[in-house]
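Work through the exercises below with the structure in view. Try each task before you read its solution.

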Amino acid sequence: MYITEVDVRGLCNKIGTNQISSEEVAKFITKAEARIDAVLATRYVLPLPSPTPPLVISIASDFAASFIIDKYYADIARSKEQTPLAEVYFKRAEADLKNIVVNGLLDRYPGIIEINKPQNLQTPCMKRTRKRSDMEEALSRW
């Protein structure tokens, strides 16, 4: 487990989560961690070592909090301002998770084992359609 109930409730404290049971919070934590593991498994050997890297804790907390806010507060009139909060948490978690895999942010963390480095798959969209100018040729040899 990457996070605790306290981590998640801490992000939701502005909207109050006392009426949500611990079991329900645990389900959202499991959902968040499954999402994280699915992405991290493309680059790292799982499970991650203990202690959990702080960035992964942050991502898991953001995902779980976004799930709670989205499920319980999206339809309530007073939560019109809370729905963007769920989006902020979710988008931040997604971006951080992508950043970990693409840029290898956990590569140097103690105990982390890489299984796969992403390849740069960018290729030119089209071949050169004109001959290089004399200046381009000279610069390419220089």
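## Exercises on a predicted model

At 8% relative accessibility, F28 counts as buried. The model is a predicted one. Start with this residue and its surroundings.

**Exercise 1. Place F28 in the chain and state which residues it is in contact with, leaving aside its neighbours within four places in sequence.**

Step 1. Find the element. F28 sits in helix α2.

Step 2. Check the burial. The cut-off for buried is under 20% relative accessible area. F28 has 8%, so it counts as buried.

Step 3. List the partners. With neighbours within four places in sequence set aside, F28 touches A64, F67, I68, K71 and Y72.

Step 4. Look at one C-alpha distance. F28 and F63 are 35 residues apart along the chain, and their C-alpha atoms are 8.2 Å apart.

**Exercise 2. Describe how α2 and α3 cross.**

Step 1. Recall what is needed. Two packed helices are described by the angle between their axes and the distance between the axes.

Step 2. Read off both values. The axes of α2 and α3 come within 8 Å, and they cross at roughly 130°.

Step 3. Classify the angle. That value makes α2 oblique to α3.

Step 4. The crossing of α2 and α3 is right-handed.

Step 5. Name the residues in the contact. From α2 they include F28, I29, A32 and I36. From α3 they include F63, A64, F67 and I68.

Step 6. Sort the contact residues by type. The contact of α2 with α3 has 14 nonpolar residues, no polar ones and four charged ones.

**Exercise 3. Find the partner of R9 in a salt bridge, and say how the two residues are placed.**

Step 1. Side chains of opposite charge can pair when their charged atoms come close.

Step 2. Name the partner. R9 forms a salt bridge with E5, and the closest N and O atoms are 2.6 Å apart.

Step 3. R9 and E5 lie four residues apart in helix α1 (residues 5-11), so about one helical turn separates them.

Step 4. R9 counts as buried at 19% relative accessibility. E5 counts as partly exposed at 26%.

**Exercise 4. Which parts of the chain does the salt bridge of R43 with D107 tie together?**

Step 1. Confirm the pair. The closest N and O atoms of R43 and D107 are 2.6 Å apart.

Step 2. R43 is in the loop between α2 (22-40) and α3 (54-73), while D107 is in the loop between α4 (82-103) and α5 (134-141). The pair therefore ties together parts that are 64 residues apart in sequence.

Step 3. R43 is buried at 4% relative accessibility. D107 is partly exposed at 22%.

Step 4. Widen the view. R43, D107 and E114 are linked in a network of salt bridges.

**Exercise 5. Say which helices the salt bridge of D62 and R92 links.**

Step 1. Take the distance. The side chains of D62 and R92 meet at 2.7 Å, N to O.

Step 2. Find the helices. D62 is in helix α3 and R92 in helix α4, 30 residues apart.

Step 3. D62 is buried, with a relative accessible area of 2%. R92 is partly exposed, at 38%.

**Exercise 6. How many helices, strands and salt bridges are there?**

Step 1. Count the elements. The protein chain has five helices and zero strands.

Step 2. Count the pairs. The structure holds five salt bridges.

Notes. Residues are numbered from 1 along each chain as its sequence is written. This is a predicted model: local features need pLDDT of at least 70, side-chain atom pairs count only at pLDDT 80 or more; totals for chains, interfaces and linings use all residues. Side-chain values use heavy atoms; hydrogens and water are left out. A salt bridge is a side-chain nitrogen of Lys or Arg within 4 Å of a carboxyl oxygen of Asp or Glu. Helices (H or I, at least four residues) and strands (E, at least two) are DSSP runs, numbered from the N terminus. Buried means under 20% relative accessible area, exposed over 50%, partly exposed in between (1.4 Å probe, protein chains only). Axes are lines fitted to C-alpha atoms, for helices over the stretch in contact, and angles run from 0 to 180 degrees between N-to-C directions. Angles under 35 degrees count as roughly parallel, over 145 as roughly antiparallel, 65 to 115 as roughly perpendicular and the rest as oblique. A crossing is left-handed if the near helix is turned anticlockwise from the far one by less than a right angle, and right-handed if clockwise. Contact means heavy atoms within 4.5 Å. Ala, Val, Leu, Ile, Met, Phe, Trp, Tyr, Cys and Pro count as nonpolar, Asp, Glu, Lys and Arg as charged, and the others, Gly among them, as polar.
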